[in-house]
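I opened the model today and kept notes as I went. Each entry says what I looked up and what I found.

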Amino acid sequence: MLLRMFVFVIATVILSTADLHAETITNWSKQDQQLLISSNEAEYLISQYAPNSFSIEQTNHELQLDSFALRSDLSPLPIHVEARGDHLIISSDTLTLKVETNPLIINVIRGSELLASTSFTVSDFPTGSSAVVMVDEDTPLMGAGSRVLGMDRRGHRLPLYNRAHYGFETHSEQMYYSLPMIISGQNLAVIWDNPSNGWVDVATDYDGAIRFDSEYGAARLHFSVGDSPLQLTHNLASLTGHQPLPPRWALGMYASRFGYHSQSEVEQTFNAFIDQEFPIDALVIDLYWFGDTIKGTMGNLDWHQANWPDPESMISRLDDAGVNTILITEPFVLTSSDKWQEALAANALASNDESNVATFDFYFGNTGLVDVFSDDGQDWFLDQYQRLSEYGIRGWWGDLGEPEVHPENTRHNLSGEAPDAVPANAIHNAYGHQWAAMLHQFLTEQQPQQRPFIMMRSGYVGSQRYGMIPWSGDVNRSWGGLQSQVEISLQMGLQGLGYMHSDIGGFAGGEIFDPELYVRWFQYGVFQPVLRPHAQENIPSEPVFHDYRTVEITRDFARLRYRLMPYIYTMVYQNSRFGTPLMRPTYFIEDTPENRSNTSQYLFGDALLVHPVTEDGQREINTQLPSGVWFDFWSNEVFEGGAEQTFAAPVELIPVWVKAGSFIPELPTQITNLSEYRSDNIELHYYHHNSVNSARGEWYEDDGDSPSALTESAYEHYQFSAVFDGEALSITSRANGIGHSAMPAQREIRWVIHGITSRPSQVTIGGEVADTEYDAELQLLTITQHSTPLNHYEIYIELAE
């Protein structure tokens, strides 16, 4: 049925074009570990660069760019090719391609399951390329980057062109970070690896047809599959790259607004956090650092001395207090800026189709654009970063990197085999990606003992491997703006960008402060990857400048964020090691149609289920917990999932549950920022229920800043297992790693076991009687343990009859 429908769709696509044709194979040959196929239309190279994946690349297009999506260190893996009559079989250990020769159709098969059928078709653009991929007509189709459409993208024809959407709320078809990737409910990811302007049609005419079309460049497809949604994210990371570990401080509390006008405003803001005893780890300086007006100064790339008389000492004082300074830069150099002539002389700017420097008008003034693809453009831009980094900047914010304005007649100079001048539309969606790659390489070389911090709002497939931390853009400061954020973060996490987050409180619009909206957004923000309020300055974005009740509630939640830091940092490890998203759809643990479309709640790591409150005045929620047993995070009350229930949602709390059988490491001491982080005193929570016979968990620790922690095993990694046999609960801890510079010599661990309904008759650690406390009301057993790190041990809890 699927193949019959596929042939019908392909015929329809062909007939709808001006050039009637059918592509057939005329020749093929094995070349080392790759297969070269020649047809009457084109040549294609089939390769396998990572397990559970295949890549198909057109090799004879007039504009042949290197892949931006794939890791640069990949080499083709061995494949087996066999001719069988009218088709070829290309097989690996886990995946098979069946290539039909007349017409050319490439089928992706896992075991005996047909996942996709592909044909390359005539593009709507004379200089471009196109492909149709047929998948199961009933499977949900996710992906296509950051958009607000619902989790299933079916029925939409979507632009593939990064473009700002100021003030978006509950619907957006085109935003800052589009991605040419579709993920099917069969755990198949399809990547159209072409950074050009184009579009993707997600089954608007036929239920199973996905069509990609690009204005410029060659056809290139990557298929990646997994046996589960979680495994698919891991396989995608193996193909497109893993996110490096960020500095631990990047997970703390930020102060940020658009924008601080002066050094004194920065110092007043920092003092307000200290006075309110509010934790703070980072302070973000927006565009007023290089001028006292929004327009006319972009590209100065130097401190406006009248308002910033001594930035070096300011940054030094912040650093001494454990607060990291993040500085904004943009790729636009205005013709009115102090650096215009310097950038011209350095040949740093993109040209136009007449080989002159491209200039154009946009909101901030008349401008040129740094050519981040050219050697000259990179050298000049990096000279600016080198000079500015000497002030002690710890993080970089790259804004407007779509680029926000990118005229079609702009040209970029690429090195390598590509033509010297590439049209803007051919490379548009890779601009932010290339900017991040350039900056990440520079920071890695210049600051080898310090993890880079790079925050940008636009990129491409694989930008996570350059440490990019994206945010959702200029969201409206409204309930509708808040309602869109879970979908965006879940979608981007599935596509490899695990740190997608929002401007807490909303960025755009709003004339009157809405404390309930702010509190609800902040509560959600504690359970998103990055805790960063940011907004236009007419309403302060920082919690410390609001009323007493708002400060009290948000401070408690900020402190909760720090309490959960060992758990969150373990999620960071999972993302960097495997590609696991920090925020995960509930179908990761229960794959049902309802969970596939669910954006009202999500998993934050392995243990926590979070349900943001996104309606004004809402004081209760109706939801269905996934099957199994769940503990209320706040009260310890136990609930059975699988049926809709009503839960209280007072404004002081966000509904959060813990999955039975979960381990959560916590920091029991209150700290001002993560420079004070110590793991010599730690709490390890285990949520026991008699229905859970076995469970696993983990806890990861390192020094928080070494870029080589993973590669050199300079960490502590504890793997926990719990076994319940009906009479006794045993918890085993096994350690990996060689340790790190911040590892304590001795550690006090307080094991907090939830769900113990009566005082145990015996508790031992390694056969020795343990020091315990029991709270009958909360059903909590606390076990205090003193040990050296990287130790193996077993806790045995004999439960009373």
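**Setting up.** This is a predicted model, so I kept its limits in view: local features need pLDDT of at least 70, side-chain atom pairs count only at pLDDT 80 or more, and totals for chains, interfaces and linings use all residues. Residues are numbered from 1 along each chain as its sequence is written, and side-chain values use heavy atoms, with hydrogens and water left out.

**Overall build.** I looked at secondary structure to begin with. The chain has 14 helices and 48 strands. Helices (H or I, at least four residues) and strands (E, at least two) are DSSP runs, numbered from the N terminus. The radius of gyration is 27 Å, close to the 28 Å that the globule rule gives for 801 residues, so the chain is as compact as a globular protein of that length. That radius is taken over C-alpha atoms, and the globule rule is 2.2 Å times the number of residues to the power 0.38. Along the principal axes, the C-alpha atoms fill a box of roughly 80 × 70 × 50 Å.

I then checked burial. Of the 801 residues, 64% are buried. Buried means under 20% relative accessible area, exposed over 50%, and partly exposed in between (1.4 Å probe, protein chains only).

Next came contacts, meaning heavy atoms within 4.5 Å. Among those between residues at least 6 apart in sequence, 70% join residues at least 24 apart.

**Surface and charge.** The chain exposes about 28,300 Å², and carbon and sulfur atoms supply 45% of this area. Accessible areas come from the Shrake-Rupley method with a 1.4 Å probe; for residues, only the protein chains shown count as cover. I found 43 positive and 104 negative side chains. Lys and Arg count as positive and Asp and Glu as negative, while His and the chain ends are not counted. The centres of the two sets lie 2 Å apart, with each charge placed at NZ of Lys, CZ of Arg, CG of Asp or CD of Glu.

**Nonpolar cores.** Which residues touch the most other members of the largest nonpolar core? They are Phe 527 and Trp 751, in a core of 207 residues. Helix α8 (residues 431-446) gives this core its largest share, eight residues. A second, separate core of 42 residues includes Ile 37, Val 133, Leu 188 and Trp 192. I took a nonpolar core as a set of buried Ala, Val, Leu, Ile, Met, Phe, Trp, Tyr and Cys residues joined through side-chain atoms within 4.5 Å. In soluble globular proteins, nonpolar side chains tend to be buried together.

**Around Trp 751.** I listed its contacts, leaving aside neighbours within four places in sequence. Among them are Phe 663, Leu 684, Phe 720, Ile 731, Tyr 793 and Ile 795. Thr 782 is another contact of Trp 751, and I followed that one up. Thr 782 is in strand β47 (residues 780-787) and is buried, at 10% relative accessible area. Beyond four places in sequence, Thr 782 also contacts Arg 750, Val 752, Asp 771, Thr 772 and Glu 773.

I also checked Thr 764, in strand β44 (residues 762-765). Thr 764 is buried, with a relative accessible area of 10%. Its contacts beyond four places in sequence are Val 769, Ala 770, Glu 794, Ile 795 and Tyr 796.

**Arg 457: buried or exposed?** Arg 457 is buried, with a relative accessible area of 2%. I found Arg 457 in the loop between β28 (454-456) and β29 (468-470). Residues that Arg 457 touches include Tyr 176, Tyr 177, Asp 399, Glu 402, Glu 404 and Asp 474. Arg 457 and Glu 402 are 55 residues apart in sequence, and 7.7 Å apart C-alpha to C-alpha.

A cis peptide bond joins Glu 402 to Pro 403, with omega about -5°. Pro 403 is in the loop between β25 (395-398) and β26 (410-413). Asn 102 to Pro 103 is also cis, with omega near -5°, and Pro 103 is in the loop between β7 (96-101) and β8 (104-110).

I looked for positive phi outside glycine too. Asp 32 has phi of about 55°, in the loop between β1 (25-31) and β2 (34-39). Asp 32 is exposed, at 70% relative accessibility. Ser 713 has phi near 55° and is partly exposed, at 26%.
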